[in-house]
Amino acid sequence: MSASPERCPALVLNADFRPLSYFPLSLWAWQDAVKAVFLDRVNIISEYDTVVRSPTFEMRLPSVISLKEYIATARRPAFTRFNVFLRDRFTCQYCGEPRSSHDLTFDHLVPRSRGGRTTWSNVVTACSTCNLLKGNRLPEESGMMPLRPPAQPSTLALQENGRGFPPNFLHQSWRDFLYWDTELDPA
Ligand SMILES: [Zn+2]
């Protein structure tokens, strides 16, 4: 039995056959993937069993496509809540507990009330307990030092971290293009 088209997103690879992004994983809805095929912007690398038909054509939906033209990825990642969590691997930088994003918050090393700014180098991922505990104090005053000194991460570093958080749904045809280090068993 083939899946319905709505359950057939295409994994989008750059022209170097690496995913355009890991987290979130670069996926296009089948309509966008088919459109890009007809516009000759992508190569089809792999297909689903699912077929879509119109009066004039039919095709199997692509499961993996690669762009014909390489897209340069941003050198400097955006300073977003999500990217800070990703930099810190969704782990409280004080107690070291990994948590899901809705259980996490931020801590300003130098509190805002004392002139601290909201920047890569002054914001760390924290659980709410540690955040409360540290309160309005400097790290030296509270004795709470972050596990790693915060800094702006490279796009590559964020991508590497994203590989550690695979999406819920992985089509088998995507596996060749993802998670080489974990899927390939050199036994
Ligand atoms: Zn904590």
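Before the details, a word on conventions: residues are numbered from 1 along each chain as its sequence is written, and side-chain values use heavy atoms, with hydrogens and water left out. Because the model is predicted, local features need pLDDT of at least 70 and side-chain atom pairs count only at pLDDT 80 or more, while totals for chains, interfaces and linings use all residues.

Let me start with the sheet, where helices (H or I, at least four residues) and strands (E, at least two) are DSSP runs numbered from the N terminus. Four strands form an open sheet of mixed pairing, in the order β2-β1-β4-β3, and two strands are said to pair if DSSP finds at least two bridges between them. β2 and β3 stand at the edges with a single partner strand each, so one side of each is left without a neighbour in the sheet. β3 and β4 pair in the antiparallel sense over eight bridges, and V42 stands opposite L67 in β4.

Now to α1, which lies across β1, β2, β3 and β4 and runs at about 80° to β4; axes here are lines fitted to C-alpha atoms, for helices over the stretch in contact, and angles run from 0 to 180 degrees between N-to-C directions. Which residues of α1 are buried? They are A33, V34, A36 and V37, where buried means under 20% relative accessible area, exposed over 50%, and partly exposed in between, with a 1.4 Å probe and protein chains only. Just after α1, D40 takes a positive phi of about 65°.

Of its 22 residues, L11, V42, L61, V64, I65, W174 and L178 touch the most other members. The elements giving two or more residues to this core are β1, α1, β3 and β4, and the largest share, five residues, comes from β4. Apart from this core lies another, of nine residues, among them V84, L86, F90 and F106.

Terms used: A nonpolar core is a set of buried Ala, Val, Leu, Ile, Met, Phe, Trp, Tyr and Cys residues joined through side-chain atoms within 4.5 Å. Contact means heavy atoms within 4.5 Å.
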